[in-house]
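Hello,

I am passing on the structure we spoke about. Please look it over; my notes follow below.

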Amino acid sequence: MKTFKKIVTIMLAIVLLIGFAPLQTQAASKNYMGRLNVSWDLKNNKMVTFQTNYAGVGMRKLKAKITNYKITDAHEAGCKKLTFTAQFEMGKKFKSKEIHKICNSKYYKKNHHMAGMINVYVVDYDTGKNLVAANSHGVTVRTYGWSTLDERKQEDKDGCFLYSYKKGIAFTVIYPKSYKGLCIGLGGSTGLTVKKNDTRFWNGKAAFGQTSFLSIKDKSIAHFMRVK
């Protein structure tokens, strides 16, 4: 009789574990972006300071902001339309010694550019997946190409030179009125080159937390806001 009770107890424990497993899996998939080490301070017309990696000099501060932020009813039935422009600009001017280090770095000599990635993100809050790629949320994203708003040449005493800039890019996002997971963000990268998971993120296969577009130590790499 005691053996039978033990078997029943074990079987009951197994049933309970199986019963709760799907709930635990579901809960783990919620609020993904909220658990990442990113800044949630992005607002329309508010300048934020972020960091990105430059060849030869490492992480450096840049500035960015969202402008022309507007939500209207879309032509598509049951959908809303978000439009905004992302603007990026160089922070402090490069010092002469910084220009020299960048231009003489192995990366610059091989690739003929200084890295310093700047990115705009449209992601799902619960999964961290890129919504610019094909997705199951009914979200479509259109961009209209980068425009250079200002560009200035900087050089050192040896003739090494770089261009500082101010750039902008416009976005249109169509999404269902019932969808509550839309997030947009701006930021840089901890890496000089695009990593495997960075590419997988852009293709909608990897989550934002798997990329080099954030840091577990520094929230200033990426700045986000939820669209409501």
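Buried residues account for 41% of the 228 residues in the protein chain. Please keep in mind that this is a predicted model. The chain exposes about 13300 Å², and 55% of that comes from carbon and sulfur atoms.

The secondary structure consists of four helices and eight strands. Read from the N terminus, the order of elements is α-β-β-β-α-α-β-β-β-β-α-β.

Two elements are described in more detail here.

Strand β4 covers residues 119-124, and six of its six residues are buried. In a regular strand, side chains alternate between the two faces of the sheet. In β4 both faces are covered: Asn119, Tyr121 and Val123 are buried on one side, and Val120, Val122 and Asp124 are buried on the other. The partner of β4 is strand β7 (residues 182-187), with which β4 pairs in the antiparallel sense over six bridges. Valine 123 stands opposite cysteine 183 of β7.

Helix α2 spans residues 96-103, and its buried residues are Ile99, Ile102 and Cys103. Seen down the axis of α2, these buried residues fall within an arc of 90°, so they line one face of the helix.

Regards

Conventions:
Residues numbered from 1 in each chain as written. Predicted model: local features only at pLDDT ≥ 70, side-chain atom pairs only at ≥ 80, totals over all residues. Heavy atoms only, no water. Buried < 20%, exposed > 50% of the residue type's maximum accessible area, 1.4 Å probe, protein only. Helix = DSSP H or I, 4+ residues; strand = E, 2+ residues; numbered from the N terminus. Arc of directions from axis to C-beta. Areas by Shrake-Rupley, 256 points an atom, 1.4 Å probe, with all protein chains shown as cover. Pairing = 2+ DSSP bridges.
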